[in-house]
Amino acid sequence: MAIWKWLLMALVTWSLSSSVAAHRPAVWTTVDLTSIADDDIARHRGDPSYFEGIIIQEHRFSENGFNWHLIRFANTAKPDGPLWPDGPLWMVPHDDENAAFDAMITAIMKHGGIGVAVNSGWGSSREQAGNGTCGVKKRVVLTCDPNRNFAATTPLFTAAFLDQHRSGQPVIALHTNAPGFSGDGKGGRGEITILDIKAFGRGITKPRVDGHLAVNPKPEMANYDTLGLTAYLARNAKPDAAAMACRSALNQAGVHFWHERVGNSDGSMSNYLALNRPDIAYFNAESRSETELQTAAARHKIMIDAYLTACRKPKN
């Protein structure tokens with residue numbers, strides 16, 4: 001056999017074996033509430049009923065210089081929800097967004113499905129400490145934003161979430177963000193808002209590009225930093241008919257809505273799915289953070305119920 005043929009066969013074999021290894025299903029270990037070190041779980045240990053019926057598992061692994069700890073929640077007592085049989089895949093990528101975590105547990109209780117949360121260390125760190133590459137970034141960094149780590153270069157991290165997805169079900173991400181432009185007294189600190197940033201700086205209140213204001217929102221939903229979003233590809237002239245119908249329905253339900261335009265991926269799940277898995281329905285619920293976690297978590301419930309009721313039909 002010619003040496004070049006042997007080298008080609010060796011390369012193909014190595015490539016296939018590497019691909020299989022990279023996409024090997026995550027191993028999830030069932031854990032006891034009293035033993036797992038996680039701030040969000042610890043916050044509710046005093047209430048025996050809070051996680052009743054939910055199986056809690058963890059998965060630890062290293063990739064690209066970062067050690068990850070993911071926690072999986074599944075309601076085995078009620079796998080099917082009233083609005084969406086078989087339940088969505090819920091995700092909370094930021095450990096410091098406690099209201100989003102609480103909203104996820106409530107949603108799993110009501111709607112079924114599986115939830116995956118990132119535990120970035122004791123103290124609810126927003127980013128994971130390490131020394132390596134994060135998502136689509138090529139340079140070495142010391143911290144990695146979990147919601148910028150979905151990429152072809154992070155197959156273990158990305159698959160750990162998406163392997164929990166069930167065919168025909170949506171992925172619903174929950175975020176609790178810092179005030180963007182809703183009366184923080186500092187002109188806005190965050191970028192998650194339904195408002196046009198430059199116009200706001202000129203004293204003009206109008207929605208951002210592809211943003212749509214809610215119709216007669218309830219007082220708790222009226223702030224401009226609480227919104228739902230889905231993503232569409234920049235190469236398309238506009239969101240498809242289903243996405244626009246979804247937006248209209250949520251607007252009528254009193255929810256601000258933003259069609260996120262995606263060109264090059266920023267490493268977020270919304271960008272990753274739009275570019276690589278457009279077959280998976282995705283919805284992101286953003287609630288402005290509050291001193292009382294229940295206030296922010298209650299907004300998530302409103303957006304989740306509106307989306308599951310009006311936007312997507314379950315697979316028959």
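Let's start with strand β2 (residues 54-63), where seven of the ten residues are buried, so the strand counts as mostly covered; buried here means under 20% relative accessible area, exposed over 50% and partly exposed in between, using a 1.4 Å probe and protein chains only. Strands are DSSP runs of E with at least two residues, numbered from the N terminus. This is a predicted model, in which local features need pLDDT of at least 70 and side-chain atom pairs count only at pLDDT 80 or more, while totals for chains, interfaces and linings use all residues. Residues are numbered from 1 along each chain as its sequence is written, and side-chain values use heavy atoms, without hydrogens and water.

| Pair | Bridges | Residues opposite each other |
|---|---|---|
| β1 (residues 29-30) and β2 | two bridges | Thr30 and Gln57 |

Now for Gln128, which lies in strand β6 (residues 128-132). Is Gln128 buried or exposed? Gln128 counts as buried because its relative accessibility is 10%. Its side chain reaches the backbone oxygen of Asn67 at 3.1 Å, a polar contact (a pair of N or O atoms within 3.5 Å; within protein, one must be able to donate a hydrogen and the other to accept it, and residues adjacent in sequence count only if both atoms are side-chain atoms). Leaving aside neighbours within four places in sequence, Gln128 is in contact with residues including Phe66, Asn67, Trp68 and Cys144, where contact means heavy atoms within 4.5 Å.

How values were computed: Helix = DSSP H or I, 4+ residues; strand = E, 2+ residues; numbered from the N terminus. Pairing = 2+ DSSP bridges.
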